[in-house]
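Biologist: Hello! Could you walk me through the folding elements here, one at a time?
Modeller: Gladly; here it is.

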Amino acid sequence: MPAGTTPKAKRVGHPQVTVRPWQSRVPLLLAVPATVALLFLLLPLVGLVIRAPWADAGAVLTSAGALQALRLSMITATVSVIIVVLIGVPLAWVLARPGLRGAALLRALITIPLVLPPVVGGVALFTVLGRSGLLGRPLYELTGFAFPFTPYAVILAQVFVALPFLVLSVEGALRAADRRYEEAAATLGARPVTVFRRITLPLIGPGIAAGAVLAWARALGEFGATITFAGSFPGTTRTMPLEVYLALETDPGSALLLSVLLLGVSVAVLALLRERWVTRW
Amino acid sequence: MNTAARSDVDVSPHKATKTPLRRHRSAPVSAQARKRMMLLALAGILILLLAACGTPTRPAASSSSSASSSGGRGITVLAAASLTESFNQIGKDFEAKNPETTITFSFGSSATLATQIVQGAPADVFAAASPATMKTVTDAGAADTPTDFVSNTLEIAVPKGNPHKITGLKDSADASRRIALCAPQVPCGAAAVKVFTSAKIVPKPDTLEQDVKATLQKVAHDEVDAALVYKTDVLAAGDKVDGIEFPEAKGAINTYPIATLKESKNPAVAKAFVDHVLSPEGQAALAMAGFAKPSI
């Protein structure tokens, strides 16, 4: 966490010297590429905001379709992240264990959803959980229930694409964490579950938070796997990105406005959460 | 940089002896120069980026521009995605007949292509999947008078062998069945709405898809019992999808217009290509793909 480094940076012994951190501490070699990166990320956003037809903003942003889609997006992305954390943290823990056989292969397999075009990911979900999929068919024959075209399918698609983000960042945090605390706790008689709960979790808290943010953002923006596996029906499966894409077909201006709305809400949520973490960790 | 920062910090005029002072005098200068350099670099990057933003991009199909400018007799044809196979065939035939000409195709959503043309994409012929998309181009004064060259009717697409025993359009109103339609915002969905309205059936779709391909994919994977798409789409989808004709489809026959564009650098070749599409040979290639003659 960046918050931890600032106190050390202050030079207590020289009260007369006022060194502003930015001027003296960022070398040119880093400042230039960092600025390029920042501009590269922000300028398209600026373009989006400039090009959006703000005169229509009121009508577009309060339309039933937009609000419905936004609500569905927020709910599904949040539920997805909860699932992602619940199953992803244990997976990361297993992966980070020293001496795990085939860890490299396993890690490569976990990144598959990152590499796979999301639309193909949706097809892959069909083959397993669709009405005629490996698991989906027996489920459908037994209960008459099938995932596609339900909000559950939206969540499944989001979990599928977002899980690797959390697993990789939590695994990174676990590897960076000092194992000796865990060992000390274990030698003092703590059971593995207690060690995990009382030592490991607090140590990797920031890593989990960062991974959850990535996963949430990825779930919120999920498009390809959702439109393939879940379809697109207002209020049921049409999330904000799907609404934006559809609007692009008929009314590009309102698509821009909807994108700005989605971005605004997600940035607001993340900023609020970040505030809380910094105070907690 | 870290050392520079430290030397900055160490500068305390009262205590400094002569030697370190000389060293330190040079340090602020270099830091200043460095700062200036950084500002310059930043300014340069900013200018570059802004220049890149400001350049009026011509959103043409990237593949098209080179061909149309290099060959003296090359033309670029923008055509609706559903025309891909038949137009590639027609293009080959045309090139065989006119050896010195080259035709470059760019296929895509008619609405997207229409936007590109209005924005000034360098092209010679536009073949649209609906009169409405052609109208945006003619209204902008970018095309000559269009001619309808084919028509397309809706069919019910079902998974191979019709496992869910769909019999007709009325099955779409059965909520227990899984039905995929195109969203009303896209052409195939607009046609579906028209058919349902004229047949006085209220459909109960499970999904309103973005485009024909996505709709057909749901059918091909047997995730829906039936979908409404164009006959040509059913044919193009291959052997995983069967088509069922239905009488109500007459209520929403879609015609495809074609027109030469005002911006054309080779109007004669463009005109010849349109004539070829309208010729019996061109019509035969289109009929192979499932298109019907335009109903006038």
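**Strands and helices of chain B**

Modeller: This is a predicted model. To begin, strand β5 (residues 154-159) of chain B and β9(B) pair over four bridges, in the antiparallel sense.

Biologist: Which residue in β9(B) does B:Val158 stand opposite?
Modeller: Strands β5 and β9 of chain B are antiparallel partners. Across that pairing, the residue opposite B:Val158 is B:Asp242.

Biologist: Which strands stand at the edges of the sheet?
Modeller: The open sheet has five strands, ordered β7-β6-β8-β5-β9 (chain B), with mixed pairing. An edge strand has a single partner, so one of its sides is left without a neighbour in the sheet. Those strands are β7 (207-209) and β9 (241-244) of chain B.

Biologist: What angle does the direction of helix α8 (residues 212-220) of chain B make with that of β8(B)?
Modeller: Helix α8(B) packs on the sheet, touching β5, β6, β7, β8 and β9 of chain B. Its direction relative to β8(B) is about 145°.

Biologist: Are α5(B) and α6(B) roughly parallel or antiparallel?
Modeller: Helix α5 (residues 110-118) and helix α6 (residues 131-139), both of chain B, have axes 9 Å apart and pack at an angle of about 5°. Angles under 35 degrees count as roughly parallel. Therefore α5(B) and α6(B) are roughly parallel.

Biologist: How many charged residues does the contact of α5(B) with α6(B) have?
Modeller: From α5(B) come B:Ser110, B:Ala111, B:Ala114, B:Ile117 and B:Val118, and from α6(B) come B:Thr133, B:Thr136 and B:Val137. By class, five are nonpolar and three polar, and the charged count is none.

Methods. Residues are numbered from 1 along each chain as its sequence is written. Chains are lettered from A and ligands numbered from 1 in the order in which they are written. This is a predicted model: local features need pLDDT of at least 70, side-chain atom pairs count only at pLDDT 80 or more; totals for chains, interfaces and linings use all residues. Axes are lines fitted to C-alpha atoms, for helices over the stretch in contact, and angles run from 0 to 180 degrees between N-to-C directions. Helices (H or I, at least four residues) and strands (E, at least two) are DSSP runs, numbered from the N terminus. Angles under 35 degrees count as roughly parallel, over 145 as roughly antiparallel, 65 to 115 as roughly perpendicular and the rest as oblique. Two residues are in contact if their C-beta atoms, placed from the backbone, lie within 7 Å. Ala, Val, Leu, Ile, Met, Phe, Trp, Tyr, Cys and Pro count as nonpolar, Asp, Glu, Lys and Arg as charged, and the others, Gly among them, as polar. Two strands pair if DSSP finds at least two bridges between them.
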